[in-house]
Amino acid sequence: MNIFSGHVRGSEAPPMIDPFGRMVSYLRVSVTDRCDFRCTYCMAEHMTFLPKKDLLTLEELERLCSAFIDKGVRKIRLTGGEPLVRHNIMHLVRALGRKVADGGLEELTLTTNGSQLSRYAAELVDNGVRRINVSVDTLDPQKFRDITRIGDLSKVLAGIEAAQKAGIHVKLNAVALKGFNDREIADIMRWAHGRGMDMTVIETMPMGEIDEDRTDQYLPLSELRASLEEQFTLTENNHRTGGPARYVTVEETGGRLGFITPLTHNFCESCNRVRLTCTGTLYMCLGQNDAADFRELLRSTDDDAVLKRAIDEAISRKPKGHDFIIDREHNRPAVARHMSMTGG
Ligand code: SAM
Ligand code: SF4
């Protein structure tokens with residue numbers, strides 16, 4: 001038997017329950033704020049990235065993730081920035097892969113722009129990664145270059161192919177952008193479903209200063225769904241990945257399409273996650289500013305019991321939900337940090 005299949009030890013600790021009765025079992029870890037792309041909706045063209053001393057080391061990240069696993073976290077997603085551009089990231093993947101192998105962790109996944117996947121796909125599989133999300137907003141090479149400001153679509157497509165060949169389930173993520181890819185989503189979906197990938201479309205969220213006007217980019221997914229329904233039969237689907245996406249089956253392709261609609265539908269009531277930044281700040285909600293700092297704690301004590309008490313204290317402050325709004329009057333980021341800090 002593959003050491004990574006089906007062997008779940010189950011957490012020894014009682015589950016972490018927040019003040020609203022939600023079980024927190026999912027940790028998203030942004031391992032770097034850096035990226036080899038500069039997507040226009042995510043980053044400004046000229047970003048100032050954090051100095052290295054501010055980042056948690058990979059060993060600190062590993063120690064903190066282990067404390068969360070001991071507290072009942074069952075699933076970890078590595079994200080960023082671009083997780084695969086962090087120097088020596090496979091050190092952390094290997095450490096967390098061992099947790100998957102011994103059943104401490106149910107799932108290790110990542111969200112990536114795919115640019116480095118050709119290089120890492122085999123190693124990811126060897127370390128227990130079975131599913132990844134790859135972000136692709138267009139299949140037109142020139143438009144891809146425009147939206148990412150730097151990216152090379154052919155490398156990303158080669159990366160997806162390498163991941164699939166290695167046996168990883170790939171889900172495609174696309175941010176729906178008015179006037180950019182709204183007319184292309186149907187084609188991207190056909191392409192993804194034709195290659196055995198589910199797809200999720202995401203509404204733009206007002207996070208961090210960018211160089212463009214977010215009201216110009218914002219496309220409510222209710223509009224996108226209505227236009228897809230002119231061409232396709234969308235059947236409600238109970239598929240849940242523990243995330244905020246609501247899925248439909250597209251009868252014509254046989255594939256699944258997910259909608260993440262933070263603005264038109266609030267998905268907070270079933271939120272099971274918290275987010276750790278690469279500097280060791282834990283955000284209990286993507287759309288709120290309250291946070292808990294773990295960096296100083298990690299550097300001031302070797303006692304993991306102290307970390308675990310701080311985790312409990314943070315979870316006891318998890319808020320009910322976010323307050324995202326995008327309209328002309330609210331044309332400021334709801335939170336000042338960029339998505340690349342908390343990783344989406
Ligand atoms: N670099 C990786 C990637 O692009 O997949 C991981 C980090 S990225 C911040 C995670 C996801 O957030 C991507 O799917 C990206 O498209 C999405 N994203 C970034 N900024 C966003 C925003 N302002 N609103 C909605 N989604 C956003
Ligand atoms: Fe980088 Fe991902 Fe943000 Fe694009 S969305 S700039 S790939 S972090």
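This is a predicted model: local features need pLDDT of at least 70, side-chain atom pairs count only at pLDDT 80 or more; totals for chains, interfaces and linings use all residues.
**Figure 1. Packing of helix H1 against helix H2.** The axes of H1, which spans residues 58–70, and H2, which spans residues 89–101, come within 9 Å and cross at roughly 25°. Because angles under 35 degrees count as roughly parallel, H1 is described as roughly parallel to H2. The crossing of H1 past H2 is right-handed. On the H1 side, the contact is made by Leu58, Glu59, Leu61, Glu62, Cys65, Ser66 and Ile69. H2 contributes Ile89, His91, Leu92, Ala95, Leu96 and Lys99 to this contact. Sorted by class, the contact of H1 with H2 contains eight nonpolar, two polar and three charged residues.

**Figure 2. Packing of helix H2 against helix H3.** Helix H2 also packs with H3, a helix of residues 117–126, at an angle of about 20°. The axes of H2 and H3 are 10 Å apart. The angle makes H2 roughly parallel to H3. Their crossing is right-handed. In this view, Met90, Val93 and Arg94 of H2 meet Tyr120, Glu123 and Leu124 of H3. The contact of H2 with H3 has four nonpolar and two charged residues, and no polar residues.

**Figure 3. Packing of helix H3 against helix H5.** The axes of H3 and H5, the latter covering residues 153–166, come within 8 Å. They cross at roughly 20°, and H3 and H5 are therefore roughly parallel to each other. H3 passes H5 in a crossing that is right-handed. From H3, the residues making the contact are Leu117, Ser118, Ala121, Ala122 and Val125. Their partners in H5 are Lys155, Ala158, Gly159, Ile160, Ala162, Ala163 and Ala166.

**Figure 4. Salt bridge between Lys308 and Asp70.** The side chains of Lys308 and Asp70 form a salt bridge, with an N to O distance of 3.1 Å. This pair links distant parts of the chain, the two residues being 238 residues apart. Lys308 belongs to helix H10 (residues 304–315), whereas Asp70 belongs to helix H1. Across the whole structure, a search finds 20 salt bridges.

**Figure 5. Contacts of Pro319.** Pro319 is placed in the loop between H10 and helix H11, the latter comprising residues 339–342. Leaving aside neighbours within four places in sequence, Pro319 is in contact with Phe20, Arg22, Met284, Cys285 and Gln288.

Terms used: Residues are numbered from 1 along each chain as its sequence is written. Chains are lettered from A and ligands numbered from 1 in the order in which they are written. Side-chain values use heavy atoms; hydrogens and water are left out. Axes are lines fitted to C-alpha atoms, for helices over the stretch in contact, and angles run from 0 to 180 degrees between N-to-C directions. Helices (H or I, at least four residues) and strands (E, at least two) are DSSP runs, numbered from the N terminus. Angles under 35 degrees count as roughly parallel, over 145 as roughly antiparallel, 65 to 115 as roughly perpendicular and the rest as oblique. A crossing is left-handed if the near helix is turned anticlockwise from the far one by less than a right angle, and right-handed if clockwise. Contact means heavy atoms within 4.5 Å. Ala, Val, Leu, Ile, Met, Phe, Trp, Tyr, Cys and Pro count as nonpolar, Asp, Glu, Lys and Arg as charged, and the others, Gly among them, as polar. A salt bridge is a side-chain nitrogen of Lys or Arg within 4 Å of a carboxyl oxygen of Asp or Glu.
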